[in-house]
Amino acid sequence: MSGRLPSATRDWLTGPGLTRLWEGVRKRLESNGVQATGSLRLTAMNAQERNDLSLLLGKPVTGTTVTVRLDMLDARLRASAAGLGLRQTLEELGPPLTDRRAARVDATARREQVWSSLTSSLDASPLADQEWPRQWYELLRRAGVPRGVTPDAAIWTLQQAVQVLTALLGPKGSERNGTRGRGELAAMTTGSAHGLDDGTWLARLVQRGVALAHDTEFPDDAAGRRALWRLVSVTPDEVSSTVLTYGLRPDGEGWRERALRERAEHHAEAHLTPRDLHSLQLQLPAGTLIHICENPRVVEAAADAACVQPLVCTSGSAATVVLTLLDALAATGCRFAYHGDFDWPGITLANRVIRRYEALPWRMGTADYEHLAARSQAEGIPQLALDGEPVNADWDPDLAPAMTALGVALHEEATLDLLVADLSRQT
């Protein structure tokens, strides 16, 4: 109950002379099971603290250091105008006490419940006789529950993972013919078509199980995770993300290869999905130079100018579908030349692409930057401030200092005429 302390008593107990006492006593009680046992040592006490503690304990406190026995303090409070024990007095003064020892025991028990629940779910599932679920359990237990996931949410998610893995790898799953979409599988097993979206804890749990069941390494990229889904006849979304291309003329007589060549002949851009890349035979003559740009406007300008050089656009940060295409082209012996924005994110992306594919910098040198900056200023084009932390360019150590000195960001549109001229040249 609240309000049990007389107001005059409360006012005196909450005075500055006893503040440190109550703070120390509160910490001690919360750490020892909320029992009035043990003692508290106070040091460097001032005159008011010594005076108030003397009145509270009923005996003089003369030194600057004193040890207060909590059981005696408890008895003194009960016999005083407060009329309450130490624990009740602290709760009256507020806030409520927390039994941290009990909370730790409870948290440990709740964590243990997560794994005992998973054990029960696996034992009751059709997966119980297989070897990999035991490895899966040990792997998950070592990794632990992600930060921020409550025990109840963890139990629910792990049970869903067992249900999904049973649908994929249990007897009925192995008897099923044909493929199904990941959204379809998610809706059937979790009630939500997005329940198995890439990056969710549930998706990772299921993918770990699939990898163990097929004795394969867990992939660290999106392409590898899609391949993992295919091992259990599940097709992830392979049509919503695309890579923008222009002028690709692959060999081969399949309709996809012919369609790409026809679009190239008509100077039309092409958007390729992961599904396209999975089926295309991207065989180009060895040594073919593929230009890479960052902004779609370059592709549009190249198509308008009927350029003859092949071009791939990263559309910003180079999503997985972009890298999948470039990887496939690199595997056929293609060479690459890269151009991007003259800002720090642009340099970061350029470093990434140039390192991965040993690409040539394409109009990305210090002289190119300084020329463009001077030209844009002479033409009265508003200057875009260069923000963020500088990034060194792998291919030109003088570029970052030059950009820092001028402080101007230049996007690819500022170089458009020069890029189109390069793309128009026959090799």
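**Strands, form and single residues**

Visitor: How many bridges join β5 to strand β6?
Guide: Strand β6 covers residues 269-272 and runs antiparallel to β5. Strands here are DSSP runs of E with at least two residues, helices are runs of H or I with at least four, and both are numbered from the N terminus. Two strands pair if DSSP finds at least two bridges between them. For β5 and β6 the number of bridges is four.

Visitor: What kind of model is this, and which pLDDT do local features need?
Guide: Residues are numbered from 1 along each chain as its sequence is written, and side-chain values use heavy atoms, with hydrogens and water left out. This is a predicted model, in which totals for chains, interfaces and linings use all residues, side-chain atom pairs count only at pLDDT 80 or more, and local features need pLDDT of at least 70.

Visitor: Which residue in β6 is the bridge partner of Val243?
Guide: Val243 belongs to strand β5, residues 243-246. Tyr246, also in β5, has Glu269 as its bridge partner in β6. For Val243 the partner in β6 is Leu272.

Visitor: Are the faces of β5 covered or uncovered?
Guide: Buried means under 20% relative accessible area, exposed over 50% and partly exposed in between, with a 1.4 Å probe and protein chains only. In β5, Val243 and Thr245 on one side are buried, as are Leu244 and Tyr246 on the other. In β6, by contrast, Ala270 and Leu272 form a covered face, and Glu269 and His271 an uncovered one. Both faces of β5 are covered.

Visitor: Which are the edge strands of the open sheet?
Guide: The sheet has six strands in the order β6-β5-β8-β7-β9-β10, with mixed pairing. Inside it, β5 pairs antiparallel with β8 (residues 311-313) over three bridges, while β7 (residues 289-293) is joined to β8 in the parallel sense, also by three. An edge strand pairs on one side only, and here these are β6 and β10.

Visitor: What is the bridge partner of Cys293 in β8?
Guide: β8 has bridge partners in two neighbouring strands. For Cys293 the partner in β8 is Cys313.

Visitor: Why is the protein chain described as more spread out than a compact globule?
Guide: The chain has 20 helices and twelve strands. The globule rule, 2.2 Å times the number of residues to the power 0.38, is compared with a radius of gyration taken over C-alpha atoms. For 427 residues the rule gives 22 Å, so the chain counts as more spread out because its radius of gyration is 35 Å.

Visitor: What does the C-alpha trace span along its principal axes?
Guide: Buried residues make up 44% of the 427 residues. Contact means heavy atoms within 4.5 Å, and among contacts between residues at least 6 apart in sequence, 66% join residues at least 24 apart. The C-alpha trace spans about 100 × 70 × 30 Å.

Visitor: Which residues does a cis peptide bond join?
Guide: The bond has an omega of about -5 degrees. Its proline lies in the loop between α5 (86-93) and α6 (100-123). The joined residues are Gly94 and Pro95.

Visitor: What phi does Ser233 have?
Guide: Ser233 lies in the loop between α12 (222-231) and β4 (234-235). Its relative accessible area is 31%, which means partly exposed. Although it is not a glycine, its phi is positive, at about 60 degrees.

Visitor: Where does Arg363 lie?
Guide: Arg363 is not a glycine, yet it has a positive phi of about 50 degrees. It counts as partly exposed at 26% relative accessibility. Its place is the loop between β10 and α18 (366-378).

Visitor: Which residues does Arg297 touch, not counting those up to four places away in sequence?
Guide: Arg297 is in helix α15, residues 296-304. At 32% relative accessibility Arg297 is partly exposed. With that exclusion in sequence, Arg297 touches Asp304, Glu413 and Leu416.
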